[in-house]
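The points may be read alongside the sequence and the coordinates.

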Amino acid sequence: MYKILAKRVLAQGTVVENEIEAPRIAAKAKPGQFVILRVNETGERIPLTMADTDPNRGTITIIYQVVGKTTALLKSLEVMDAIMDIAGPLGTPTPIEKKGTVICVGGGTGVAVLHPITRGFHQAGNKVISIIGARTKDLLIMEDKMKKASDEFYVCTDDGSYGHHGFVTDVLREQLTKLGSEVKEAVCIGPVPMMKFCSKVTEEYGVPTMVSLNAIMVDGTGMCGCCRVQVGGETKFACVDGPEFDAHKVDFEGLSKRLTAYVPQERQAMDRYEQKCACETKGK
Amino acid sequence: MAEKAKKEKAPRTPMPEQKPEVRRRNFEEVPMGYTAEMAQAEAQRCLQCKKPSCKEGCPVNVDIPQFIAEIAQGNYAGAIMQLWQKNSLPAVCGRVCPQENQCEGMCIVGKKDKPVAIGNLERFAADWARAEKDLPMPPKDAPTGKKVAVVGSGPGSLTVAGDLIRKGHEVTVFEAFHKAGGVLVYGIPEFRLPKEIVAAEVNFLERLGVKVECNMVVGSTITVDELLTEEGFDAVYLGVGAGLPRFVGVPGENLIGVYSANEYLTRANLMKGYLFPEYDTPLVGGEHVCVFGGGNVAMDSLRTAMRMGCDDVKCVYRRSEQELPARGEEIHHAKDEGIQFFVLHNPIRFIGDEDNRLKAVELQEMKLGEPDESGRRRPEPIPGSTKTLECDLAIIAIGSGANPLITRTTPGLAVNKWGYIEADEAGKTKKPGVWAGGDIVTGAATVIKAAGAGRLAANSMHEYLTWGW
């Protein structure tokens, strides 16, 4: 059992941060790696990237948006409750080197995944330009931490409620036009359409770009093949070959479609869960 | 003497089974087990040979005539003690061993009549013991102060754990999944091996003192070298199986609806997907299911798909029915349950709809040519002969390879060109203090072969722990 030591609801009640006791994982985790967790006995196994780790406290931090039953169930847990199983760290760590100028672009809860990578690049002595975005101001997460890990920092909201009014791709393009070949690498993490459009922009400017793919997984150790993605025409397993890949080679269309594999079942599970919650509330 | 004559003529006691038309739609165990009367009747068919060849046919060398004699006398506690001496997993082996090629294949009674049902008797004794609460545990040697790490918790690893704990060593089993049992829990379906039985065998080892740590991805959460240095283990056994799924490598293989057998069976068995939505992991049903491959894993996938409510379930195999590698009993069970065998066909393309969901598969018709290096006649395409089948769920069960997670992070461990770990007959690898066995050394095989490899390795490890490398 993995005890929850802290819980914070970050944005509009749907984005949650948990600090969890997991000393073995905390000691080993590197930027870009993820864990697979199972909330309870009947739960499914879902991958979540670590937004932070503290080897001294023996804790990992996860940030997730409530989108379906499992994340709703996870959100229902309070401090001192426990998550049944957490395995990790999984996946190949981000290759972090000193390259010069690096642009880090994050959207929605993808910012949580981006943060340790951004910090890693910053600590490695790179000039880090960060651009983070969300649909609206209230959905923006980790602003302070991202600012701290960056030399230059930009915020965008789709509705203009905060920062630049528009998409992260606008600011990305501005920066690339301004800096040109000074930018050695871009890292873009967020919803699939955002990653796809960001990578189109960086491709125009010839900037090597990395994305982190949120494929559906079961085991997370290369054993089931559920998370396969097409990268440069080859089949890769996001769990062990990734989760990060060369953005200019990823088949984003294929990934988007594979992510819809269980939409009807996910809806069924969520409806059932909400009904159960409603019944329990009435019962009280 | 009249009684003896009668004994020789008694026919093999059949195991009662769920009827095919019923069991094809449920996940309960197919064979229902012997009653005490049946077990005794069957045990009496054993000739108690002076030189028992059945014993030679058992990879873990169970003293078969001895345990059968105890059952014949109604001493079931004696029978289970006999079994436990050589086998930590009798309830599992009694169910999933290919006995026809092993113990029962060598049985003298089998020369003229059907062999003694050794597997059924083993299962009976183990099931009896599980129901018995106050059974004494088998004896353990005095503590040696040595610590052994066993990586993976499948049949090979559990055998090593059981053997070494009884030789007085401290044993910790590390499992990457949240439940121990390896292929016994993620791969073999409930209707062949109920998960509570695996849990009970693991619990038996825990009661003997084996520690089990789940959610430990060795190679990632902790490395083999860290086990040997920081964690203070004196020896390590790698029984991690061959879990890397193989795909056919044809267009459309990443469509929604094309699964590896590993994924399909893991969703079904470990995650209990067939109980969705009580359990949260979805498992698709499919209206037209094709399973590619003809081994035991293919049979498990086919029979699971049938139980998910599909009426059109086909086994598509590229050779002829004679070459199907699955156990005869499994093929027979599958056929009784209504599974169609579509042999001499090979997939060449998966076809999807606009949402990338599988809707059909194109097959190449095959014929058998000259024998290949495996001794079986090589399947060859018949030029120009293809057909397209409607198919919304395809399961690829054509074998699996070695997962590089451990070998990549363990310097000094030699691997062959397929990524399997190099080890001698006793499982000793090129890296001091490290043994390996089962599928990660030999490639995919059977439960009992893994257990046999575990037995040899455990003896070798015990020698090392006693005398040194």
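Predicted model: local features only at pLDDT ≥ 70, side-chain atom pairs only at ≥ 80, totals over all residues.

1. The largest nonpolar core comprises 76 residues. Within this core, the residues with the most contacts are B:I64, B:F67, B:I68, B:I71 and B:L121. Helix α20 of chain B, spanning residues 447–467, supplies the largest share of the core, namely 8 residues.

2. Leaving aside residues up to four places away in sequence, B:I71 is in contact with B:A39, B:Q40, B:A43, B:Y76, B:A79, B:L121, B:F124 and B:A125.

3. Another core, of 57 residues, lies apart from the largest one. Its members include A:A87, A:C198 and A:A247, and also B:F350.

4. Chain A contains an open sheet of 7 strands with mixed pairing, in the order β11-β10-β9-β8-β12-β13-β16. Its edge strands, β11 (164–165) and β16 (244–246) of chain A, each pair on one side only.

5. Strands β8 (residues 101–107) and β12 (residues 183–189) of chain A run parallel and are joined by 6 bridges. A:V105 has A:C188, in β12(A), as its bridge partner.

6. Helix α3 (residues 110–123) of chain A lies across β8, β9 (127–134), β12, β13 (209–212) and β16 of chain A, at about 155 degrees to β12(A). Helix α5 (residues 168–179) of chain A also packs on the sheet, where it touches β8, β9, β10 (152–157), β11 and β12 of chain A. The direction of helix α5 of chain A makes about 160 degrees with that of β9(A).

Key. Residues numbered from 1 in each chain as written. Chains lettered and ligands numbered in written order. Heavy atoms only, no water. Core = buried A, V, L, I, M, F, W, Y, C linked by side-chain atoms within 4.5 Å. Buried < 20%, exposed > 50% of the residue type's maximum accessible area, 1.4 Å probe, protein only. Helix = DSSP H or I, 4+ residues; strand = E, 2+ residues; numbered from the N terminus. Contact = heavy atoms within 4.5 Å. Pairing = 2+ DSSP bridges. Axes fitted to C-alpha atoms, helices over the stretch in contact; angles between N-to-C directions.
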